[in-house]
Amino acid sequence: MQLVIINGPNLNLLGKREPQVYGNQTFEEMLAEIRKAFPSIDILYFQSNVEGEIINKIHEVGFTADGIIINAGAYTHTSIAIADAVKSIKTPVVEVHISNVFARESYRHESFLTPVCKGCISGFGIKSYYLAIQSFF
Ligand code: DQA
């Protein structure tokens with residue numbers, strides 16, 4: 001099984017960025033743990049701060065990968081274009097968030113992605129990614 005994790009804007013700063021919200025680990029550290037926990041799964045990783053690059057990656061892997069796990073960061077709450085990309089592909093997509101977006105500012109309560117994804121996992125820190133991977137079994 002091949003799964004692709006796509007992280008959006010500012011998630012390259014995990015470990016440095018608002019550690020009280022997002023923790024102290026870098027995503028690379030998290031990814032090493034995730035890969036160790038799921039040795040039989042081919043887990044590809046892509047991060048970009050650029051909306052169009054995220055869309056291009058969704059198009060690139062969205063007809064061949066078995067699943068996409070997307071944390072679109074703040075684009076979650078703004079991007080019709082990313083939602084349209086998710087709608088356009090065959091691969092099922094699971095939305096994840098490290099923080100519980102519903103316990104935060106009201107502008108984070110809206111997601112353009114949730115209606116076009118298989119499901120949404122929010123609020124479990126790095127475990128949100130584990131749970132998203134498990135949802136594909
Ligand atoms: C986030 C939540 C978003 O609201 C925020 O803009 C992020 C990270 C999360 O993982 O909790 O960048 O997607």
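## Ligand site

The residues surrounding the ligand are R17, Y22, N71, G73, A74, H77, H97, I98, S99, V101, R104 and R108, each having a heavy atom within 4 Å of it. This is a predicted model, in which local features need pLDDT of at least 70 and side-chain atom pairs count only at pLDDT 80 or more, while totals for chains, interfaces and linings use all residues. Residues are numbered from 1 along each chain as its sequence is written, and side-chain values use heavy atoms, with hydrogens and water left out.

By class, the shell holds four nonpolar, five polar and three charged residues. Here Ala, Val, Leu, Ile, Met, Phe, Trp, Tyr, Cys and Pro count as nonpolar, Asp, Glu, Lys and Arg as charged, and the others, Gly among them, as polar. A backbone N or O atom of A74 is 3.2 Å from a ligand oxygen atom. A polar side-chain atom of S99 lies 2.6 Å from an oxygen atom of the ligand, and an N or O atom in the side chain of H77 lies 2.7 Å from one. The protein covers 99% of the 320 Å² of accessible area that the ligand has on its own (Shrake-Rupley method, 1.4 Å probe).

## H77

H77 sits in the loop between strand 3 (67-71) and helix 4 (80-88). Helices (H or I, at least four residues) and strands (E, at least two) are DSSP runs, numbered from the N terminus. H77 is buried, at a relative accessible area of 15%; buried means under 20%, exposed over 50%, and partly exposed in between (1.4 Å probe, protein chains only).

Leaving aside residues up to four places away in sequence, H77 touches V101, Y107, R108, E110 and F112, where contact means heavy atoms within 4.5 Å.

## Cysteines and K118

The whole structure has zero disulfides, a disulfide being a pair of cysteine sulfur atoms within 2.5 Å. The closest cysteine sulfur to that of C117 is in C120, 7.6 Å away, which is too far for a bond. C117 is buried, with 11% relative accessible area, whereas C120 is partly exposed at 30%.

K118 is in the loop between strand 4 and strand 5 and is exposed, at 57% relative accessibility. Not counting residues up to four places away in sequence, K118 touches P92, V93, V94, S135 and F136.

## Helix 5

Helix 5 (residues 127-134) has S128, Y129, Y130, A132 and I133 buried. Their cover includes strand 1 (2-7), helix 2 (27-37), strand 2 (42-47), strand 3, strand 4 (93-97) and strand 5 (119-122).

Notes
Polar contact = N/O pair within 3.5 Å; in protein donor to acceptor, adjacent residues only side chain to side chain.
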